[in-house]
Amino acid sequence: QFEKYLSSISIKEEFLSKVFIEMKSYSGQSIKPKSLNKLKLLENLIGFKDIYERALDCYEVKNKTYIGSKEIMCEEFLTYFTNNGTKSIVIVRDPRDVLASSNYPRHKKYLGEKKPTLFILRTWKKSVKHINQLKNNKNFCFIKYEDLVCEPYKSLDKITNFLNLPAFKEHFFDDGIFNRDGSMWQANSSFNKSSNFISNKSINVFEKILSNQEINYVESICQSEMEVLRYQFNTTPNQEIIKNFRDY
């Protein structure tokens with residue numbers, strides 16, 4: 001039903017323009033559109049994919065091969081996008097580190113105030129469900145965060161192959177990663193700030209941050225998905241761990 005809705009939706013220019021204008025002060029949108037004039041061409045567009053691409057045109061990126069956006073909780077759109085020719089990449093991370101990063105950051109609170117543990121874990125399980133559903137779709141690719149930070153060039157090869165782009169040569173990022181405007185990219189980790197390519201220091205941060213009760217709870221709730229993704233854990237999951245857990 002959701003895919004059918006996305007296929008038939010139409011959005012008026014004045015509505016979408018208002019959304020962009022309201023987002024001017026929103027810190028979560030790091031790059032602002034240069035102009036909203038392209039939205040005037042929305043009138044005859046039907047279907048979310050065409051509307052989405054028209055909205056991306058507002059950023060006026062020149063000499064582009066691809067242009068896209070990043071989200072953290074919108075997997076519901078993946079099936080629609082991949083079935084309509086839009087390439088989509090999901091990066092999944094150890095749920096224990098996700099919980100530690102979300103609820104106990106040392107730096108900026110990227111997800112706001114502390115959230116219920118079960119909400120975070122259900123969101124993570126949802127990601128894995130979509131990965132399993134789409135793993136054979138030619139327009140879908142997924143990477144484990146741990147592989148990306150431990151073997152970055154191997155993971156980047158997987159992405160460039162997926163996007164039919166030239167591979168990054170070894171040592172390409174020895175001088176750091178640069179943004180499109182030429183400035184040095186800064187990591188937005190909740191724990192370790194670094195601009196020296198990609199750091200793996202954020203792996204297993206949960207061991208020093210989460211309580212044993214929280215770790216056992218995560219491993220019990222996410223057992224089957226962690227096994228599929230080959231995350232190692234020591235807990236023998238059982239219902240008592242889940243029943244006795246309390247959020248503080």
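Helices here are DSSP runs of H or I with at least four residues, numbered from the N terminus. This is a predicted model: local features need pLDDT of at least 70, side-chain atom pairs count only at pLDDT 80 or more, and totals for chains, interfaces and linings use all residues. Residues are numbered from 1 along each chain as its sequence is written, and side-chain values use heavy atoms, with hydrogens and water left out.

**View 1. His 130 in helix α6.** His 130 is found in helix α6. Its relative accessibility is 11%, so His 130 counts as buried. Buried means under 20% relative accessible area, exposed means over 50%, and partly exposed lies in between (1.4 Å probe, protein chains only). Which residues does His 130 touch, not counting residues up to four places away in sequence? They are Glu 75, Glu 76, Leu 78 and Thr 79. Contact means heavy atoms within 4.5 Å.

**View 2. The buried residues of helix α3.** Helix α3 covers residues 48-56. Phe 48, Lys 49, Ile 51, Tyr 52, Ala 55 and Leu 56 are buried there. Seen down the axis of α3, these buried residues fall within an arc of 165°, so they line one face of the helix. The arc is taken from the directions from the helix axis to the C-beta atoms. An α-helix has 3.6 residues a turn, so residues three or four places apart point the same way. What covers the buried residues of α3 includes α1 (2-8), α2 (13-22) and α4 (78-83).

View 3. Side chains of opposite charge can pair when their charged atoms come close. A salt bridge is a side-chain nitrogen of Lys or Arg within 4 Å of a carboxyl oxygen of Asp or Glu. Glu 225 forms one with Lys 125, and the closest N and O atoms are 2.9 Å apart. Glu 225 is buried at 14% relative accessible area, whereas Lys 125 is partly exposed at 23%. Salt bridges that share partners also join Glu 75, Glu 76 and Lys 126 into one network.

**View 4. Salt bridges of Arg 96 and Arg 54.** The whole structure holds 7 salt bridges. In one of them, Arg 96 pairs with Asp 94, with the closest N and O atoms 2.6 Å apart. Are these two partners buried or exposed? Arg 96 is buried, with a relative accessible area of 4%. Asp 94 is buried too, at 3%. Arg 54 pairs with Asp 57, and their closest N and O atoms are 2.9 Å apart. Asp 57 counts as partly exposed, at 25% relative accessibility.

Notes
Helices (H or I, at least four residues) and strands (E, at least two) are DSSP runs, numbered from the N terminus.
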